[in-house]
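This report takes up charged side-chain pairs, then the overall fold. Please keep the sequence and the model in view while reading.

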Amino acid sequence: MTDSHENRGGVPSRQRKRFPGISSRAYEHPADRSALVALRKLSGFDTLFKALSGLLPERSLRLLFLSDSVRVSDAQFAHLNDMLRDACYILDLEKVPPMYVNQDPRPNAMCIGLDEPIIVVTTGLVELLDEEEMRAVIGHEAGHALSGHAVYRTILLFLTNLALKVAWIPLGNVAIMAIVTALREWFRKSELSADRAGLLVGQDIQASMRGLMKIAGGNHLHEMNVDAFLAQADEYEKSGDLRDSVLKILNVLPRSHPFTTVRAAELKKWSETRDHQRIMDGHYPRRDEDKDTSVTDSFKESASHYADSVRNSKDPLMKLVGDIAGGAGDLGGKLRDKFTGGAAGGAKGGATGGSSETEGPEDSQGPRTEGS
């Protein structure tokens, strides 16, 4: 399985493995996968959302990009076209989605659309990344297309815009923002899935790491270091007390993407798993088996993943949740010390002469929670 795809008379800079018939389930984050499996099982789900296309601004978006952006082709941004076709060949997409380059100095990319996905990359991103880094990004967007994420991203964009328009209606805005918040939480997990797809396409973990570092710190690779960048993610995950854990949640809520250091750490960790190696060896779920996928099994896998994340987390809040689930005593003392950042000493001389022990913040070690 070491095929190489010829594009416009040329070939990629090196041979890459391809994955005929691969299902998106092979690389999807457990939380992303369980949600998608459930949605795909809903009778008439696809028909319902296609019916909504008349209400959603998809046609408007397509016309906007067609009229005010540059469509990637053999004649325009040919090197990006080669990468796109190669990504679709590696992931065995049935149809190559159209891709546009949009003038915007901010580095960004997205995959949207209800009937058919379209990929948009900004000039800021094109100018920032080298060939291998860009290949991983295009693979990332192709992964969104294969998973069907474009549908939900379009819904999210529509609801976000709608929330702004009805902000003057208190209850209406609250209801819409509740849906938007839930969609954002799912979409952050879908970004971790797409990062994995980008790695399967680029097949160069260092290029994926470099791309994420550049998105965070600009085109200054000579000033950056992958190990130090990943160390930031570890420090972010385990530092502080419960106040910091709450602030982390509040900081990530309005975001559609996980923080960049967290994405890098998650991708690096997945690249070293047996699951990733099995895919590279040609052992992966096929999409012709998707219809037989069990919703219950997918939810069990997702629940098991979150249980493992809480159990091993380095985050103070997740550590406390693990303690509560494990039946740890003196929860009042733990909560007090976590929020105050202090450690209580033994009990002051009481009638019973008893003593109590509480865990200081320096003892709060354990696994990260993926994506947030």
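## Salt bridges

The structure holds 14 salt bridges. The term covers a side-chain nitrogen of Lys or Arg within 4 Å of a carboxyl oxygen of Asp or Glu. Side chains of opposite charge can pair when their charged atoms come close.

The model is predicted: local features need pLDDT of at least 70, side-chain atom pairs count only at pLDDT 80 or more, and totals for chains, interfaces and linings use all residues. Residues are numbered from 1 along each chain as its sequence is written, and side-chain values use heavy atoms, with hydrogens and water left out.

## R135 and its partners

Which residue does R135 pair with at 3.3 Å? The partner is D86, and the distance is that between the closest N and O atoms. This pair links distant parts of the chain. R135 sits in helix α6 (residues 131-147), D86 in helix α4 (residues 78-90), and 49 residues separate them. Helices here are DSSP runs of H or I with at least four residues, numbered from the N terminus. Both R135 and D86 are buried, meaning under 20% relative accessible area with a 1.4 Å probe and protein chains only; exposed means over 50%, and partly exposed lies in between.

R135 also meets E132 in a salt bridge, 3.7 Å from N to O. R135 and E132 share helix α6. They are 3 residues apart, about one turn of the helix. R135 is buried at 3% relative accessibility. E132 is buried too, with a relative accessible area of 14%. Salt bridges with shared partners join R16, D86, E131, E132 and R135 into one network.

R106 forms a salt bridge with D104. Their closest N and O atoms are 3.0 Å apart. Is R106 buried or exposed? R106 counts as exposed, because its relative accessibility is 59%. D104 is buried, with a relative accessible area of 14%.

## Overall fold

The protein has 16 helices and 4 strands. Strands are DSSP runs of E with at least two residues. Of the 372 residues, 47% count as buried.

Contact means heavy atoms within 4.5 Å. Among contacts with a separation of 6 or more, 73% come from residues 24 or more positions apart. The accessible surface comes to about 18100 Å², by the Shrake-Rupley method with a 1.4 Å probe. Carbon and sulfur atoms hold 55% of that surface.
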